[in-house]
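Please consult the sequence and the structure shown here.

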Amino acid sequence: MKICVLSDTHGIINIAEKALKDMKDIDIIIHAGDLVSDARYLETLKYKVFCVAGNCDPFAVEPTEKILELQGKRIFLTHGHAYRVKYGYKELLTRAQQISADVVIFGHTHLPENTYIDNILFFNPGSTTLPKNGGPGTYGILEFINGTIKAHINTI
């Protein structure tokens, strides 16, 4: 299974579409918020999309977090603003441990992250359109292969 992970597209969907064209054989898109309307648009392109609301989605009906079970792995999906991820991952780690998550997917910081903390993958694809590091936009790919997860951050 191959998953495209997006976050913080902020209404500039053509760049996310460019990322999707660069990838092949995507099974699912996971969008970690800001903007839910972008995730809904991607659904119209015939992708299966899981998404959560971010801090820029005040009127969205989507929840701010979800737990997904994919390929035997428990994925905790949140935008991250409610867990104050701009100030560290302590609150996010506590929640991930409470729900026995294997992977945490989040956004909000506009900075890519691909690291393990206490054997939990913390994965932030960064922002396709408004990266904080001054470089190009980024997106993520998660590949589930024989019970393992390969995580990659790519530039657009």
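## A strand residue and its sheet

Glu 143 lies in strand β9 (residues 138-145); helices (H or I, at least four residues) and strands (E, at least two) are DSSP runs numbered from the N terminus. The model is predicted: local features need pLDDT of at least 70 and side-chain atom pairs pLDDT 80 or more, while totals for chains, interfaces and linings use all residues. Residues are numbered from 1 along each chain as its sequence is written, and side-chain values use heavy atoms, without hydrogens and water.

Glu 143 is partly exposed, a class between buried (under 20% relative accessible area) and exposed (over 50%), with a 1.4 Å probe and protein chains only. Contacts of Glu 143 beyond four places in sequence include Met 1, Lys 2 and Thr 148, where contact means heavy atoms within 4.5 Å.

| Item for Glu 143 | Value |
|---|---|
| Relative accessible area | 22% |
| C-alpha to C-alpha distance to Ile 3 | 6.3 Å |
| Side-chain polar contact with the side chain of His 152 | 3.3 Å |

A polar contact is a pair of N or O atoms within 3.5 Å; within protein, one must be able to donate a hydrogen and the other to accept it, and residues adjacent in sequence count only if both atoms are side-chain atoms.

The open sheet has five strands in the order β3-β2-β1-β9-β10, with mixed pairing; strands pair if DSSP finds at least two bridges between them. Strands β3 (49-51) and β10 (148-155) are at the edges, each with a single partner strand, so one side of each lacks a neighbour in the sheet. Strand β2 (residues 28-31) runs parallel to β3, joined by three bridges, and His 31 has Cys 51 in β3 as its bridge partner.
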